Amino acid sequence: MTDQPNILILMVDQLNGTFFPDGPASFLHAPNLRRLAEHSLRFQNCYTGSPLCAPARASFMSGQLPRRTRVYDNAAEFASDIPTYAHHLRRAGYLTALSGKMHFVGPDQMHGFEERLTTDIYPADFGWTPDYRKPGERIDWWYHNLGSVTGAGVAEITNQLEYDDDVAFQAVQKLYDLSRGGDARPWCLTVSFTHPHDPYVARRKYWDLYEGIPELDPPKAIDYDDQDPHSKRLMDACDWRNFDITDDHIRRARQGYFANISYIDDKIGEIFSVLEATRQEAIVIFVSDHGDMLGERGLWFKMNFFEGSARVPLMISAPGIDPGLITDPVSTIDVTPTLAALAGVDLGEVAPWTDGENLLPLAQGGKRSMVAMEYAAEGTITPMVGLREGAWKYIRCPADPDMLFDLAHDPEERENLVEEPKAAEILAYFRKAADARWDLAAFDAEVRQSQARRWVVYEALRNGAYFPWDYQPLRAASERYMRNHMDLNVLEEAKRFPRGE
């Protein structure tokens, strides 16, 4: 490896971290990820910066929580002046490329990437903006509903399978291209899949791997009337009353979800095979943006701070880092500072505004400070925040009662200890920490201002001629294969790897 190692970031969407307690759980058919785990530093308790796609990804790429990035929801613009790991690495001399999803909203569709190999799978405009002025409103045309659960099953092609097939293909082609040495720079390639995100529809070959396994059994649900207020709002947002969810629906949804983990594992295997065949070495990072409740507590998808939604897998394989398991809580916002450390990049200029921390000291027995999360999108009526330290998780929302869980003794988070005298001291500790970190009234005002502005802009831009911000992949056909400004003898040798064999 050079002083500036190549970096391969493998990102998946909505992968529940409880299924990766130490690499893939034993029931998962994921041989490529299991092999990666054997060579990786594995983080058992990694949390998203925010349990929704665009906020999570902006936080992951910048090392900043949503209140700093102002990416509060799936239709909030990611400002072009916020440095991401792609900016930091590119500034340090790296070639930076993205194949797949990152859900950038706004006219900047690059955010430091020199090259994007695909378009995104979701819209780049303000159309999915929530509205705190209308609490309880359900925006039917884009809100999640439980049709993803009732519609679970087998298909050989879907919108999402078409996308991820292309993401893997483009990544493979890029790795072949990089192997031919036309660009001497070190590279950082981010490959970001949309699976196993719902809908829970999978190809038959993967579906059949999970037929009849006990992990398909429906988790124990909580009745609507017994749910906490935020969970009630999420159930309402998902239109739960208009769906009769049976145990068979739940089993099929979970089977489709697990099947798509195996599908993604196959795609990752294709990428690893090309990396090995072309003799390229790279640091490898595997991560998800957020999780999926998959029926736990009677909830689906994400948008909350419970383990299934907020906890994600994180594995880092790099020279000089001994494989092992880290159980201390960490965050996806730590990846950018960690990447900088691995690549020898100084983040001092933006350190005062970076919430994430370098994870490498944990491998030597160091400690990470308290992990924070923020959420201000659909299902909320005002921002909610969470803190995780040791075995404890604390959740605060001004509209709701506080929640406090001891995950060591209550991993399913069924016992809120806020009213328990035995937890009074730890509750006071977390409340003081939350008071010091957040001005939630100001946070709420910032979100409301952002939403109101975006509703005006979106409606204006949809009136008259419409020019979308969606990324249009460039394919310079006149620079591909053989053209008359090229020397055929030079071309055929230059495009071959390995040469002379």
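Buried here means under 20% relative accessible area. Keep that cut-off for the last stop; the model on screen is a predicted one.

**Stop 1: the open sheet.** Select the eight strands S5, S4, S7, S1, S9, S11, S2 and S12. In that order they form an open sheet with mixed pairing. Now pick out S5 (115–116) and S12 (324–326). These two strands stand at the edges, each with a single partner strand, so one side of each has no neighbour in the sheet.

**Stop 2: S2 against S11.** Select residues 41–43 for S2 and residues 314–317 for S11. The two strands run antiparallel, joined by two bridges. Click Arg42, then look across to S11: the bridge partner there is Met315.

**Stop 3: helices on the sheet.** Next, select H9, residues 247–277. Helix H9 lies across S1 (7–13), S7 (187–196) and S9. Relative to S7, helix H9 runs at about 160°.

**Stop 4: the S16–S17 hairpin.** Select residues 392–396, strand S16, together with S17. The pairing is antiparallel and spans four bridges. Six residues lie between the two strands of this hairpin. Find Ile395; opposite stands Met403 of S17.

Stay on S17, residues 403–406, and show side chains. Which way do they point, and are they buried or exposed? Met403 and Phe405 point one way, while Leu404 and Asp406 point the other way. All four named residues are buried, Asp406 included.

Conventions: Residues numbered from 1 in each chain as written. Predicted model: local features only at pLDDT ≥ 70, side-chain atom pairs only at ≥ 80, totals over all residues. Heavy atoms only, no water. Pairing = 2+ DSSP bridges. Contact = heavy atoms within 4.5 Å. Axes fitted to C-alpha atoms, helices over the stretch in contact; angles between N-to-C directions. Buried < 20%, exposed > 50% of the residue type's maximum accessible area, 1.4 Å probe, protein only.
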